[in-house]
Structures are given as structure tokens and as C-alpha cells.
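I opened this model to look up a few places in turn.

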Amino acid sequence: MLAIANWKMKLDVLQSVALAQAMVKSARHLPQGTEVVLCPTFLSLAHVAAAVKGSTLRLGAQDCFWETQGAFTGEVSPADLRQLDCQYVILGHSERREHMQETDGQVHRKLEAALRTGLTPVLCIGENYQERSGSQKDYVLIRQLQAALQGVTLGPDDRLVVAYEPVWAISTGGTGIEATPDEVQYASEVIRHIIIDLYGAAVLQRSVQIVYGGSVNPSNVASFTQLPTLHGVLVGSASLDAATFLAVISAALNPMPSRTTDRSNTVI
Ligand code: PEP
């Protein structure tokens, strides 16, 4: 189970280190196979890297540039992220697409650069409220995924995480409406179809994980993580406090019995 914490720009450096230290203490007790990834701001990365060193916690960045070196004032190289022990990088988050006018083409270039440098991209895709109301959801998922992955090969050592994040369900920019497990299941099946179309079922199974993000909290997380096609969650607000984030992880790992838990990546 993959639990990715997106701290956005909500914590300063000291708060980020304190939260990472609190997470390190509790992460000792997490069962094997639980991958917890902390994604602080760029400025906090080196400090959080020091705080999580030697623990099972993983580090991720919230973005990166599409070149590794050169005259690109203000940008952050994926190679430098690797030097800081980053393993993951969130790309194409809806807040960047909205506030920084990040395009599908830019996300594609960033994804290629991330893979080239050995980072695992956490590629965020998802429709906004208007697109959802206009029955455009499938179209948006297909467009964003195909554009990001166009011409990209996924070798045996590459990993890709696709995060289905319906913009309307994200706590900060959202509508207050929660996605239902059925909606998330449907979207993850669309994603699986596209990946199979692009790469085949074997690559899907070997290299790709699908997570859900959008107002995930301790009460609703199990309804998503029990879905047969999901591998985990991307968590914003509920990851900003160690006790709450641990409650999310624990609820995902110990769900109340209801649906079956089968992550076998059955071919659809
Ligand atoms: C996000 O923005 O990636 C996110 C999942 O946020 P939240 O959990 O707060 O909806």
C-alpha cells in the first residue's frame, strides 16, 4: 500500500522537519509492503531528507523541471532531487495546471526527465467540476494520460504512479463533494485500459500503480484502498498532522471487512 503525503506549501521548514520526525517514530511499526512517501516543499527537502534518513519513509518532491542542468533560473533539476535521496516526484498536480498554467506538453517533458533521472513520477490526472458535469471525464483522463506518456518507454527498472485526482473532490479547491468508491473504481479502470493500450498488460502489472487523491481521511480511506484496482492514496490535508496521517494509513491497512482486497492487477 502506497500512502503519499502532499504537504503543498502549507508547512514551513521547521514544521516539515517536526512532522517528518514524528512520522519516523511511528513508521517503525508499519508492516512490510507499506510505502509512505513525504512530499515537502523544495526548501524543506534537504532537512526532511536528513530527518527520515535510515527510516523506511520515502521522500518525494512536488514538481521538477524537464531539464537536468542549464540556464533555467528558478527551476529545480530532477537530478538534484535524486542527490537529495528523493525517489518520487509529483507531476501535473491540478494546482500547478490551474495556477501555473502547466500544460499537458510540459507535464510530458517533466515526466520523461523524471524517469530518465531515476525518479518515480506520481502523475496526477483528473477532471474538474465542469468537465465532470459535461460528461467529459473519460475524455480528460485519456487526454492527460496519453499526452503525458506519449513516446515514453517504461523499462524494467522504471515505475510510474498514476494518481486519479478529480479536481472537484480535492479539499482546497473542491466543491465539498466526495468521490464515491464506484466513481474511483470506474476512473481507475479507464486508466488501466489506457495503460494497457499504450504498454500492454505485463507492463501495467510490472511498473504501474494507481492511487486515488481527493479529501482522503481516516474515515473514507478504506473505501478506496479496498478497491481491487487501487494501490494506495495521495493525501493532502489529512497528511499535515502525524496522528491523522497515521490514522489514514492504519485505516487503509486494517479496513473493516466489506469488499474484497485483490490487487492482482487482473487484466481487464
Ligand atoms: C491533493 O491536493 O493532492 C490532495 C489529495 O488534497 P486533499 O487530500 O486535501 O484533498
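**Ground rules.** I am working from a predicted model, where local features need pLDDT of at least 70, side-chain atom pairs count only at pLDDT 80 or more, and totals for chains, interfaces and linings use all residues. Residues are numbered from 1 along each chain as its sequence is written, and side-chain values use heavy atoms, with hydrogens and water left out.

**Ligand site.** I asked which residues come nearest to the ligand. Of the 14 around it, they are Lys-8, His-93, Ser-171, Ser-215 and Gly-236; a residue is near if one of its heavy atoms lies within 4 Å. I then looked up polar contacts, pairs of N or O atoms within 3.5 Å. A polar side-chain atom of Lys-8 sits 2.5 Å from a ligand oxygen. For Ser-171, a side-chain N or O atom is 2.4 Å from an oxygen of the ligand. Ser-215 uses a polar backbone atom, 2.7 Å from a ligand oxygen. The ligand alone exposes 290 Å², and the protein buries 99% of that; areas are Shrake-Rupley values with a 1.4 Å probe.

**Positive phi.** Most residues other than glycine have a negative phi. Lys-8 is not a glycine, yet its phi is positive, about 50°. Lys-8 lies in the loop between S1 and H1; helices (H or I, at least four residues) and strands (E, at least two) are DSSP runs numbered from the N terminus. Is Lys-8 buried or exposed? Lys-8 counts as buried, at 11% relative accessibility; the cut-offs are under 20% for buried, over 50% for exposed, and partly exposed in between (1.4 Å probe, protein chains only). Ser-135 also has a positive phi, about 55°. I found Ser-135 in the loop between H6 (129-133) and H7 (137-149). Ser-135 is exposed, at 67%.

**Gly-118.** This residue is in the loop between H5 (104-116) and S5 (120-125). Gly-118 is partly exposed, at 44% relative accessible area. Beyond neighbours within four places in sequence, Gly-118 contacts Arg-82 and Gln-87, with contact meaning heavy atoms within 4.5 Å. Gly-118 and Arg-159 are 41 residues apart in sequence and 8.9 Å apart, C-alpha to C-alpha.

**Helix H11.** H11 spans residues 242-253, 12 residues in length. Its buried residues include Phe-245, Leu-246, Val-248 and Ile-249. What covers the buried residues of H11? Among the elements are S1 (2-6), H1 (13-27) and S2 (35-39).

How values were computed: The expected span of a helix is 1.5 Å times one less than its number of residues. A polar contact is a pair of N or O atoms within 3.5 Å; within protein, one must be able to donate a hydrogen and the other to accept it, and residues adjacent in sequence count only if both atoms are side-chain atoms.
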